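Here is a short walk through one structure. Keep the sequence and the 3D view side by side as you read.

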Amino acid sequence: MTFTDNEYLEVIQKNENVKQAFETIKQTCINLQKQTNCPEEDIANFLIFISKQWNN
């Protein structure tokens with residue numbers, strides 16, 4: 001099932017567990033980019049890679 005951006009934002013606002021996960025992932029990505037000085041595209045690609053691995 002695919003969600004729209006607005007649906008994701010609504011869930012983030014309404015569900016504390018999802019909100020906490022979102023904030024943690026977001027901050028981790030910000031920190032990683034600052035520490036490695038890599039482009040945002042690399043972080044986005046890394047997140048895609050991770051999303052393919054979590055179920056393995």
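How many disulfides does a search of the whole structure find? The search finds 0. Bear in mind that this is a predicted model.

Take the cysteines in turn. Cys 29 is in no disulfide. Its nearest cysteine sulfur belongs to Cys 38 and is 9.4 Å away.

Now look at how covered they are. Cys 29 has a relative accessible area of 16%, so it is buried. Cys 38 is at 17% and counts as buried too. The cut-off here is under 20%. In the protein chain, buried residues make up 7% of the 56 residues.

Where does Cys 38 sit? It lies in the loop between α2 (16-36) and α3 (40-53). Leaving aside residues up to four places away in sequence, Cys 38 touches Gln 33 and Ile 43. Trp 54 is 16 residues from Cys 38 in sequence, and their C-alpha atoms are 23 Å apart.

Step back to the whole chain. It has 3 helices and 0 strands, in the order α-α-α. The radius of gyration is 13 Å, well over the 10 Å that the globule rule gives for 56 residues, so the chain is more spread out than a compact globule. Its C-alpha atoms fill a box of roughly 35 × 25 × 20 Å along the principal axes.

Finally, the surface and the charges. The chain exposes about 5200 Å², with 54% supplied by carbon and sulfur atoms. There are 5 positive and 8 negative side chains, and the centres of the two sets lie 5 Å apart.

Terms used: Residues are numbered from 1 along each chain as its sequence is written. This is a predicted model: local features need pLDDT of at least 70, side-chain atom pairs count only at pLDDT 80 or more; totals for chains, interfaces and linings use all residues. Side-chain values use heavy atoms; hydrogens and water are left out. Helices (H or I, at least four residues) and strands (E, at least two) are DSSP runs, numbered from the N terminus. Buried means under 20% relative accessible area, exposed over 50%, partly exposed in between (1.4 Å probe, protein chains only). Contact means heavy atoms within 4.5 Å. A disulfide is a pair of cysteine sulfur atoms within 2.5 Å. The radius of gyration is taken over C-alpha atoms; the globule rule is 2.2 Å times the number of residues to the power 0.38. Accessible areas come from the Shrake-Rupley method with a 1.4 Å probe; for residues, only the protein chains shown count as cover. Lys and Arg count as positive and Asp and Glu as negative; His and the chain ends are not counted. The place of a charge is taken as NZ of Lys, CZ of Arg, CG of Asp or CD of Glu.
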